[in-house]
Amino acid sequence: MATAATPDIAIVIPIYRHSALADEAIAAALALEGPLQTVVIAVDDGCPNAETRLALQGWAHRAPGHFHHLHQSNQGLSAARNLGIRFALDTYPSIQAVFPLDADNLLDLHSLHVFADLLQTDPRADWFYPNFDMFGLNSAAHNGGPFALPLLAASNQCEAGSLIRRRIFDAGVWFDEAMRAGYEDWDFWLSASAKGFRGAPVKPSFFRYRKRPESMLSGSHGQDVILRDQIQKKHRWLYAHDHVAQAAADLSPRFAVFETGEGADPWLCTDPRDRVPSSADALRSMIWAANARPWQVWLPQYWVFTRPRVLDHLADRKLAASALWHLQTALRTADVSALRLIQNPNGERQITSIAPLTLSPIKKRSSPEERRELAVEKRLHRQDRARQAAILAQADVLMVRLDRLQRFAALATGKPKRTAAEVTRLTYRGKVAEVRVALEDLAPQQQGQPPAEALKNFGTSLIQDPANSVFLSKLTPWREAPKMASVKDIAQIVSTFSLGGASYPLRRAGKTLQIGFVTPIFHFGGVEKCIVALAAALRAQGVTCHLFVYGNSGMAAADWLTEPFETVHQLCDRDLRNWRGPQYLGTNTAPALSSDLMQNMIAPLLGMDAVVTTGSAALFHGLSALRGKGVQVASWEHLLETDGYGRMYGTPYLAVGYEGGLDLILTCSQRLASWIHANGVPSAKLLPLPNGPGFPTDADQIAQAVTERQGRSPDTPLRVGFLGRLDAQKGADRYVEIVQACRDLPIDFSITGSAVLGDSGLTIPDSITRYPAAYEVAELTEAFARLDVLLMPSRDEGLPLTIMEAQRVGVVPIATDVGAVSEAIEDGTNGFLIRGHDVVLQMADLLRRLTADPTALSKVRKGLGGIDNRWDANATALIQALERARPA
Amino acid sequence: MTTTAPLLVISDDIAAEFAHPSLTVMRFGAWRDRIGAFGDRPVIQDMIVLGLCLSPEAEAAFLADAALADLAQAAQLPRKTLSVDASREALLAAALDFLADRDVATRQQGAADRAALAELRRSHMQMQTDHAELESWVWDAMAPKFTRVREWPATARTLDLPGPDTPLIQPLPVPARGFIAVDVHLATSAPCAGAIHFLLARPSGPDFEGTAASQDIRASESGWTRLILPRAPGGFPEDAVLKLWWQGAEAPQLSLAPDSPFVDVNVTAGGVPGSAPLALNIYQTLPRQPGPPLHDPRRALPADGHTRLVLPGDLSPPKALPYSRNPVKKALKRYPDFTRVEFWEKENAVFVHPSIHRPVVALVPGLTVDALVQIEAIIRVFRDKTLPISFAIGAVPSGTVASVEEALPHLGDWMQLLPAEWGEAWCGLATPLSGPIDLLLATAMPNMPVNREADALFCGFRLTTRASEAQG
């Protein structure tokens, strides 16, 4: 046999205990004939059988130049493979690819022809994996559809006996020598994939896997859970966040959407912002093909039938992704999910999922006495059916799983009469879950079929070509489908790696930092405005922000509040605002959540790089799950409240209690950061983000407001106002007393605001001008424009935004020194601080002085300003802190 | 450096020199450098180490080198301790000892291998004998030889059958192992006589050995045409493609199946993959067996004294013969048992469900013969939870039998099968039949209490004609 001076392929055969079977592998490898040159390298991995060495020495005599034998002390399969491969690559620069051949397996005689074809015709593929052609325990299973990373995440598609291009090893990818218990090949493919390499299935036969009732692989299956855990920890690039879902979306969009309007073509998407046009014909063909080869054809897993413009209407409110998520999640317990848009009389936005109806059962009864019960049960059953039909009829959007449509297609071979009935049954029967979306306004009505009819029509069209269906069913390959994850399992795979829930339908563009803000309520409060302001500043610095309202009520329908967010997701469940858990240092925690709610809460957040939670006690239960998936979590604390007995309580206590699960604790003030530090949280975890103004305005508007105020005649009365909730915490009662005490002064008093829960119980004298609460930006601007002095006689505060908003437009704040107010007001410089008791008396005296001496007010006015970029600085600080806190 | 000569390693401090043409001698230091030269752990590379001759000091150093000691233990390297002033003769003696030990080990291993080979040979011979008997049993007596495993229907779309330079390449949806025949569909009448040549090939690599064959096509022939390999390939199940080309003046056109979204089944013409596969029927048989002479019923069975196989799927659909006498007709309605005659596509068999009260006879038209003298049917009781069933077969000129009563005299001997058994029913014809004929397939369950699950199948027919006088 001639010496292979410049071999193309190295066949590396590690041997441990398979002394006799190795002869077969070596003989097969040496017998290969074809257009490539090979070299065979046998690695004796410290085999205890002397026979192994005798055999290898014999083969060295028989095939000098073509065969090398290496001996090492036992290091394990990975190390033995690595040794042989290193030797081959170092010794023969001509090697193009390596084939690790386990000692008990075989290569077919024509393998080199297959290798030559593969290397030549598919230059982009980095490794080529065979079918599962087993001998011994004879079986043949194919290697599935095209190579797909999300499937590799779920199970190993690639046998170690694969043809591996040299470039993978040159890039530093080797078998992990620490993985001695198995799955080292799976780990190897994942390591290669991490560096951007990709595999390709080989369709022709060339490799034979010896299957015995007991094998090493069986051993590793016994440790499956441990080894999978090991692999998932090692390959966080794939298993962290929602990367598997993103990888699946790279291969196929999650949703197929049919708008029922005239002439509208369907489109595909995962993220409803990224639509890919399609056609009904193409989708039908794909469904038929998927019925024939479910493991090969990638198809959207969820099919949506919607009235025209409904999704656009939701997208305008940034709720489209959330709506699709709710419909998808509802399909976990239902056959069909139906979304209905309704107008909310409160003018709020709210998405509510309603579990499917459980139809009243009809029990078999035989005795005449039971006829009445039977009649009642039948009636109830009919009523339930009618309600279910009404939900379907009123639906604006319907969603079904792919398998439901495949069942339509499977009807093609049935008898026509039965088929028609079955189509109707598949459309209108089954469990129906409802998703109600309440909005401040409804989508403009456009002509279009009801979605249920559109579903039925599409289902009917799937069975109109039975001959084609029958023919396609005959195109299955001769090998069985492998018992491993395949395309048809993709929904389950994505769910598994989304901690059992549905991942948020979001496509990440590039490496933009994604931050999710979680809040239990989203109205017009200070905390909400902080979130909005910070999100706006983050967006200006290239961060993509998303809002997650995890509570039990609707959210404000003000577009300026949601403007900085890319998407808004709402989850409505009373348990999300349940504070009846055990107390931690006097502050109630949230009780444990059901697993479904926990999954629904956590899974959508996995697409975020970081989550900032404000006041959501329920989310603290998901901290370890989130961090386990690589999501950084920060709690943003604003306020310590005081109860009726003067004791402090509030979410800062919870932040202290859950500190171990948090990457960062953000505070609205330095003072609160100090308090949390004093309670045992390392300062490295604390990031004060001092509040700035809570609503956006531009420099021109500010200048105009300041000029107008300065232009007022000194003879006109001073305008003093109260802005905010009319409650005791804000000191509304004190304000009324101050007004009474200043009746003799030339002051116009006003109140802008209302009580949060109905009537505040406060009697407001007629001398105070009342304005309704200001929510929109224009209203807020106007509210400040009609003031010279803002009075804040609060009993509790964090660092109120109103102070900075007032200062920004030249309104002088007079506030009690509570919370972190002193961080915003330097007494006598940019406002006035009232300390100690007798707040009413002190404020009245101050107003008296200011009316007597207008220059005092002018002097303070000059000290205002310089706070506009505070949120920008906060955003920069947060980005840097997250970067620092990110695990290596 | 690759060496196949045994290597004797001598520690550096042993002064004596030693050389022998059959041995490679290396000092311990040099050897240590060699095995340490690769990677970060010692590896013996392409060496046959006969043994190590070490001085006490060198041995101590050797044992102190843990990695090296581990390797020596794993590789079971023999070792001897010699004094530093050991003579050349002492080294020679050590080498001889090593060789002697090695000789013993090799002999022992050789003996073990010979014993293993003998055992393998014995079991191989036994297996060959058993296999041959099994083949005979299966082949000659029992299961049908052709199983139709895939059918792709013909459409109006066609493809020209090219010449030998650029054959059509049709991937097969079955492994090469056991593949025996394929029907292709001639879309239009063949413009002139010629031959379709075909060959079973690997998608990559050499063609399957002995799988080239051809089928003559007469001018104006059209429709399904069967191409049969001389012998079904054996070996491991492997992917295969069928190469087809035309040898003749003007090539006919082959029909295509409907469009397929899967490129791996579509036919390639002129190196360009198409959008559909060829219309095909594919047959499998026992691996490594020659295909039986399968008759195409669209042609007359010639009078040549040969026996040919006819598959039920190639014949017209069966129909149940009625009883002619009125009282029986009326009585039929009262029969408690179920009877039915139909073609079972998946099994490619005629199903004749017997009655416990009377024979059930199916009539199968569609054959034209010349001097038919004998018919055999391959019969089977499909289920194991039933009672014995009797089978019989016969043949009559087409259209001459219209009832069970008329059919019974033409049947051969009744053959009884137990549940789940295979067997053969036989009928000799006293007067050779010529022209179109009808096959008569009969079943019965006389004296049985019930006929539940009595799935009686006729899985194939062997027809023998009388040799013409010219041949005789």
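## Two helices crossing near the end of chain A

In this predicted model, helix H28(A) passes helix H31(A) in a right-handed crossing. H28 covers residues 732-741 of chain A and H31 covers residues 839-852, and the two pack with their axes 9 Å apart. The angle between H28(A) and H31(A) is about 45 degrees, so the pair counts as oblique.

If you want to find the contact on screen, look on the H28(A) side for Arg734(A), Glu737(A), Ile738(A) and Ala741(A). Facing them from H31(A) are Val839(A), Val840(A), Met843(A) and Ala844(A). Sorted by class, this contact between H28(A) and H31(A) has six nonpolar residues and two charged ones, with no polar residues.

## Another helix pair: H12 and H16

How do H12(A) and H16(A) lie relative to each other, roughly parallel or roughly perpendicular? Helix H12 (residues 280-292) and helix H16 (residues 402-410) of chain A cross at roughly 85 degrees, and an angle from 65 to 115 degrees counts as roughly perpendicular, so that is the label for H12(A) and H16(A). Their axes come within 10 Å.

H12(A) brings Ile287(A), Trp288(A), Ala290(A) and Asn291(A) to the meeting point. From H16(A) come Leu405(A), Gln406(A), Ala409(A) and Ala410(A). The contact of H12(A) with H16(A) splits into six nonpolar and two polar residues, and no charged ones.

## Domains of chain A

Where they touch, domain 1 of chain A puts in 16 residues and domain 2 of chain A puts in 18.

On the domain 1 side of that contact, strand S8 (139-141) and helix H5 (149-154) of chain A each supply at least two residues. H5(A) has the largest share, with five residues. By class, the side of domain 1 of chain A that touches domain 2 of chain A has nine nonpolar and seven polar residues, and no charged ones.

## Where chain A meets chain B

The contact between the chains takes 40 residues from chain A and 41 residues from chain B. Several elements of chain A each give at least two residues to the side touching chain B, among them helix H3 (77-91), helix H4 (111-121), strand S7 (132-136) and helix H19 (466-473). H12 of chain A is also one of these elements. Which element gives the most to the side of chain A that touches chain B? H2(A) does, with seven residues. By class, the side of chain A that touches chain B has 16 nonpolar, 15 polar and nine charged residues.

S3(A) is joined by two bridges to strand S3 of chain B (residues 44-45), and the two strands run antiparallel. Within this pairing, His71(A) has Ile44(B) as its bridge partner.

## A four-stranded sheet in chain A

Chain A has an open sheet of four strands with mixed pairing, in the order S5-S11-S7-S8. Which strands form the edges? They are S5 (106-107) and S8 of chain A, each of which pairs on one side only.

S5(A) pairs with strand S11 (residues 207-211) of chain A over two bridges, in the antiparallel sense. To check this pairing in the structure, go to Leu106(A): Arg208(A) in S11(A) stands opposite.

Conventions. Residues numbered from 1 in each chain as written. Chains lettered and ligands numbered in written order. Predicted model: local features only at pLDDT ≥ 70, side-chain atom pairs only at ≥ 80, totals over all residues. Axes fitted to C-alpha atoms, helices over the stretch in contact; angles between N-to-C directions. Parallel < 35°, antiparallel > 145°, perpendicular 65-115°, else oblique. Left-handed = near helix turned anticlockwise from the far one by under 90°. Contact = placed C-beta atoms within 7 Å. Nonpolar A, V, L, I, M, F, W, Y, C, P; charged D, E, K, R; others polar. Pairing = 2+ DSSP bridges.
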